[in-house]
There are 2 protein chains.
Amino acid sequence: MTAGPNAAELIEKHRATLDQAIETIRSRAYWSPHPEHPKAYGENGSLSAAEGKEAFDALLGGRFELDQPGTDGWSATESSPYGITMGVEYPHADLDVLLPAMRAAMPAWREAGPEARAAVCLEILARISARTHEFAHAVMHTSGQAFMMALQAGGPHAQDRGLEAVAYAYMEQVRVPDAADWSKPQGKRDPLNLRKHFTAVGRGLSLLIGCNTFPTWNGYPGLFASLATGNPVLVKPHPRAVLPLALTVRIAREVLAEHGFDPNLVALAAEREGEGIAKDLATRPEVRIIDYTGSTEFGDWLEQHATQAQVYTEKAGVNTVVIDSTDDYKGMLGNLAFSLSLYSGQMCTTPQNLLIPRGGVGTEDGEKSFDEVVGDLAGAVGKLLGDDARANALLGAIVNPQVGQRIDAAGSLGEVALPSRSLTNPDFPGATVRTPVIVKLDGGKPEAEETYLSECFGPVSFAVAVDSADEAVALLRRTVREKGAMTVGAYTTAEDVERKIEDVCLEECAQLSLNLTGGVYVNQTAAFSDFHGSGGNPAANAALCDGAFVSNRFRTVEVRRQA
Amino acid sequence: MTAGPNAAELIEKHRATLDQAIETIRSRAYWSPHPEHPKAYGENGSLSAAEGKEAFDALLGGRFELDQPGTDGWSATESSPYGITMGVEYPHADLDVLLPAMRAAMPAWREAGPEARAAVCLEILARISARTHEFAHAVMHTSGQAFMMALQAGGPHAQDRGLEAVAYAYMEQVRVPDAADWSKPQGKRDPLNLRKHFTAVGRGLSLLIGCNTFPTWNGYPGLFASLATGNPVLVKPHPRAVLPLALTVRIAREVLAEHGFDPNLVALAAEREGEGIAKDLATRPEVRIIDYTGSTEFGDWLEQHATQAQVYTEKAGVNTVVIDSTDDYKGMLGNLAFSLSLYSGQMCTTPQNLLIPRGGVGTEDGEKSFDEVVGDLAGAVGKLLGDDARANALLGAIVNPQVGQRIDAAGSLGEVALPSRSLTNPDFPGATVRTPVIVKLDGGKPEAEETYLSECFGPVSFAVAVDSADEAVALLRRTVREKGAMTVGAYTTAEDVERKIEDVCLEECAQLSLNLTGGVYVNQTAAFSDFHGSGGNPAANAALCDGAFVSNRFRTVEVRRQA
């Protein structure tokens with residue numbers, strides 16, 4: 001493999017980080033090169049808090065130039081959940097011009113080889129990292145996440161997931177050597193000798209279909225996995241969350257061009273209001289890879305119709321927490337209250353159904369009845385969000401009116417154990433801020449089933465009364481099998497119950513968090529260690545990140561010669 | 001991971017072989033634990049030539065008992081291309097009984113862990129290896145391969161590909177550790193500590209749809225990849241090639257049962273004449289993985305309709321050899337003559353189109369005209385097959401009447417440079433034995449295009465006259481892109497031509513053999529070193545064998561607990 005004209009310095013600069021990522025993926029220990037603390041930025045070329053805000057403000061109301069081939073107009077489709085005017089205009093692409101230009105960039109990118117490609121990807125991530133504060137505002141004002149969450153989940157955590165994908169992609173490509181000598185003995189005759197060369201080649205155009213709530217976190221794994229394996233990546237952002245990915249595309253294009261590669265390896269396909277280009281794009285023959293996060297309906301459509309492409313989807317699911325027993329009742333309540341409240345439950349990983357035995361839950365202070373547990377959880381949420389400033393910092397804003405409507409409708413679904421409260425955000429009076437609602441349902445009643453077996457995205461949880469731990473286990477199995485789940489949580493001190501819950505998760509393929517009572521939450525995963533989704537139940541056909549996520553984004557071509 | 005009750009001894013027995021396979025996959029050097037020479041068998045518990053023949057004869061005309069749940073009848077659908085009566089009756093399965101029994105076997109197989117599963121697979125392969133002579137007759141009389149080829153390709157080479165798949169599957173599963181401790185610093189506060197466990201879990205029922213011509217070679221990779229990753233495997237053989245896979249299923253069931261596992265992890269679904277169960281089977285929701293070798297039509301159908309499953313296909317293609325120039329004219333002719341003749345060209349890897357510049361081919365003895373080259377190649381084939389005994393040993397039998405019809409029709413497609421000859425096999429007077437036919441076509445004539453751009457499976461090759469090396473390169477590109485190719489061959493002494501051909505193969509994703517003049521042929525690949533197919537052109541969506549072939553046959557489930 002030959003590195004591009006200027007890739008050697010990038011390899012030198014980033015090789016140690018790549019090696020550490022590879023090592024951590026093997027050990028699954030904790031590690032991240034991307035700081036979580038806002039004050040860690042502002043030195044060594046990174047933007048400080050003030051500089052990041054300034055950079056973000058400078059983007060508002062302007063044209064976001066990208067210098068892409070085939071730009072045939074401009075579109076502005078974003079509206080901040082915090083009520084500020086975005087007004088950023090993005091280039092609209094003539095795909096019949098843009099796509100061929102992207103494909104033309106492939107041969108030189110292939111020739112660069114896996115190590116140079118990884119180094120270029122790491123440089124892109126490093127520059128994104130340096131602008132974490134700018135991204136924080138961009139993510140905040142498109143997703144509705146609170147600032148601190150937007151900074152962490154949209155910044156370092158997303159960058160971690162991107163780096164993880166690059167490391168997996170690199171590892172996968174170098175499993176086969178560049179060259180090999182093959183010599184087969186032939187008894188008394190001369191051996192048969194061949195010289196073989198192996199080259200990783202990208203599949204073709206890769207399409208990233210971005211989501212509204214986590215544009216970078218859910219977008220980076222697919223983007224970087226495809227780019228690192230030799231594919232040009234066309235980024236089709238959600239119309240309400242363009243800016244974080246447009247910034248990403250701009251940085252990627254800059255890094256590529258600076259180091260002698262074709263910037264068209266990464267391009268943006270922003271769409272006009274209501275244009276809906278995803279279906280057409282996804283079934284174009286040039287598109288060979290698709291990464292998608294969003295609704296089950298469209299994800300299923302992609303899996304069934306975009307059969308010319310490798311399709312990686314993260315869709316909806318119904319996440320369950322089984323509450324059987326605990327030896328840290330207060331810790332459990334606090335942990336669950338935080339999980340339900342963070343980003344107003346607008347995460348694919350937020351628990352929805354809390355399965356609680358009718359007969360009560362064993363605790364270190366004796367048995368608590370179903371009503372007590374639900375009441376105490378409502379109390380814990382109320383306490384966590386009792387202070388408006390703290391609540392605003394945790395809840396963020398409601399991302400779209402549909403979520404608000406679901407909160408309002410929740411009261412008609414059952415007995416409300418905790419009503420949702422509307423808050424004002426003094427910094428952003430235009431934001432819709434809502435606390436979680438908890439509704440009690442009787443798991444034995446068929447009419448309740450339809451409610452708790454449907455995904456109700458947003459801060460709506462169901463406290464479902466079940467007859468026993470065994471019924472909880474059976475309902476958990478049915479929920480994962482039929483509806484899928486990104487996460488499963490459980491609290492139990494009983495070994496047999498724990499074993500049964502583990503068995504369900506192993507058999508139905510769901511990621512399980514057991515007895516979390518401290519500062520780790522069921523809805524959060526850490527790159528290099530935790531898998532996000534399993535890829536084995538209806539909620540997603542891929543996990544972030546594993547070998548399967550990268551191995552089919554390229555193929556290996558062999559050239560053999562008589563030696 | 002806990003090994004099954006009797007898996008420890010198997011791990012002890014096979015661990016070194018597994019390690020050597022893993023090491024060879026990394027180095028891509030030559031290695032095989034399965035001897036190619038017929039006389040290597042007969043000791044250490046393996047069947048000698050006579051014992052293998054005897055074992056095969058004992059199966060004819062009898063019921064092939066498998067003791068599977070849900071057997072509801074018997075079916076016999078085989079007829080030997082050599083004309084002998086097979087008459088073997090196989091169990092016909094009630095799938096509504098058999099499939100649930102297979103799925104019920106999954107939990108214990110999952111719990112056994114990757115190493116025990118690999119060891120069980122290696123024991124199955126070892127017992128198959130010991131019965132290589134028996135398999136040779138079974139493969140010969142279902143595929144029509146000549147005995148020596150049936151022994152080698154159906155025996156050790158198929159076993160190598162099975163072992164390769166097991167090694168890949170094992171490596172992929174152990175990339176994630178069984179357990180990990182994760183500790184995230186929290187400044188002055190205590191770190192967050194989690195204990196994590198990771199388990200590889202199979203996707204579900206795996207379906208192998210076997211083919212007529214290479215039942216074991218093309219069947220073993222998928223069968224063993226799925227079994228080693230925790231999935232039960234239902235084997236649906238081609239109705240004309242049941243015996244080699246039925247023997248495989250029987251041995252697998254014996255090994256599983258002997259070592260405390262459920263034999264229903266591997267089962268046979270033989271079909272009745274004309275029953276055509278593949279479509280129904282392939283779209284059942286329980287079926288999560290499908291391996292298929294056969295027609296493009298049905299392969300495309302599977303890719304488009306069996307969207308509930310991971311589908312791995314090997315379909316048809318049009319294989320090309322570009323003949324530009326050579327410094328070993330005789331070696332080239334001999335090599336090509338063998339490639340065209342082996343198994344009467346009934347291989348997915350046999351060259352079909354020989355692209356030869358109209359202006360001639362440079363050789364060490366000066367320029368040879370198009371007609372000279374075609375004539376000399378015809379002469380080389382004629383010489384190779386001049387002796388009937390030798391020809392019979394190389395050609396085998398025509399697998400079905402359609403191939404014979406294509407040979408007979410070839411004369412009408414263009415000027416015949418080498419007519420096909422019919423031979424008699426003195427040992428099997430019922431066999432149809434045919435030598436290859438070579439037809440000259442003018443690559444510039446549109447009416448010829450339809451002929452050479454369609455797959456003509458069997459011993460029919462087209463010597464296509466092209467204007468120049470550049471035109472050959474362009475036609476090669478178009479052929480691979482539109483029709484797919486399992487193999488590409490080329491002869492050239494010109495660096496620029498070589499580079500252009502390499503570029504086409506890298507860009508269109510095809511495996512290239514350059515200037516083969518000795519005992520390695522374009523239509524043969526070696527496990528652990530060569531990739532069979534690329535998975536990146538229309539001939540196949542997977543390669544044998546790489547990470548992508550195994551990584552999505554299982555998922556990893558994580559259970560994390562506060563530490």
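Here are some questions and answers about the predicted model shown above.

User: Before we start, what kind of model is this, and how are residues and chains labelled?

Analyst: Residues are numbered from 1 along each chain as its sequence is written, while chains are lettered from A and ligands numbered from 1 in the order in which they are written. Side-chain values use heavy atoms, without hydrogens and water, and the model is predicted: local features need pLDDT of at least 70, side-chain atom pairs count only at pLDDT 80 or more, and totals for chains, interfaces and linings use all residues.

User: Thanks! How many helices and strands does chain A have?

Analyst: Both kinds of element are DSSP runs numbered from the N terminus: helices are H or I with at least four residues, and strands are E with at least two. Counted this way, chain A has 19 helices and 21 strands.

User: What radius of gyration does chain A have?

Analyst: The C-alpha trace of chain A spans about 80 × 70 × 45 Å along its principal axes. The radius of gyration is taken over C-alpha atoms, and the globule rule is 2.2 Å times the number of residues to the power 0.38. For 563 residues, a compact globule would come out near 24 Å, and chain A agrees with its 25 Å.

User: Which residues of helix H11 in chain A are buried, and why do they sit on the same side?

Analyst: Buried means under 20% relative accessible area, exposed over 50%, and partly exposed in between (1.4 Å probe, protein chains only). In H11(A), residues 296-305, the buried ones are Phe298(A), Gly299(A) and Leu302(A). They cover an arc of only 105° around the axis, taken from the directions from the helix axis to the C-beta atoms, so they share one side of H11(A). An α-helix has 3.6 residues a turn, so residues three or four places apart point the same way.

User: What covers those buried residues of H11(A)?

Analyst: Here a contact means heavy atoms within 4.5 Å. The cover includes strand S5 (205-209), helix H10 (278-282), strand S8 (287-293) and strand S9 (310-314) of chain A.

User: Which strands stand at the edges of the open sheet of ten strands?

Analyst: Two strands pair if DSSP finds at least two bridges between them. The order is S3(A)-S4(A)-S21(A)-S20(B)-S19(B)-S10(B)-S11(B)-S18(B)-S17(B)-S14(B), with mixed pairing. Each edge strand has a single partner, so one side of each is left without a neighbour in the sheet; these strands are S3 (179-186) of chain A and S14 (415-418) of chain B.

User: Is Asn44(A) buried or exposed?

Analyst: Asn44(A) is found in the loop between helix H1 (7-27) and helix H2 (49-59) of chain A. Its phi is near 50°, a positive value in a residue other than glycine. With a relative accessibility of 81%, Asn44(A) counts as exposed.
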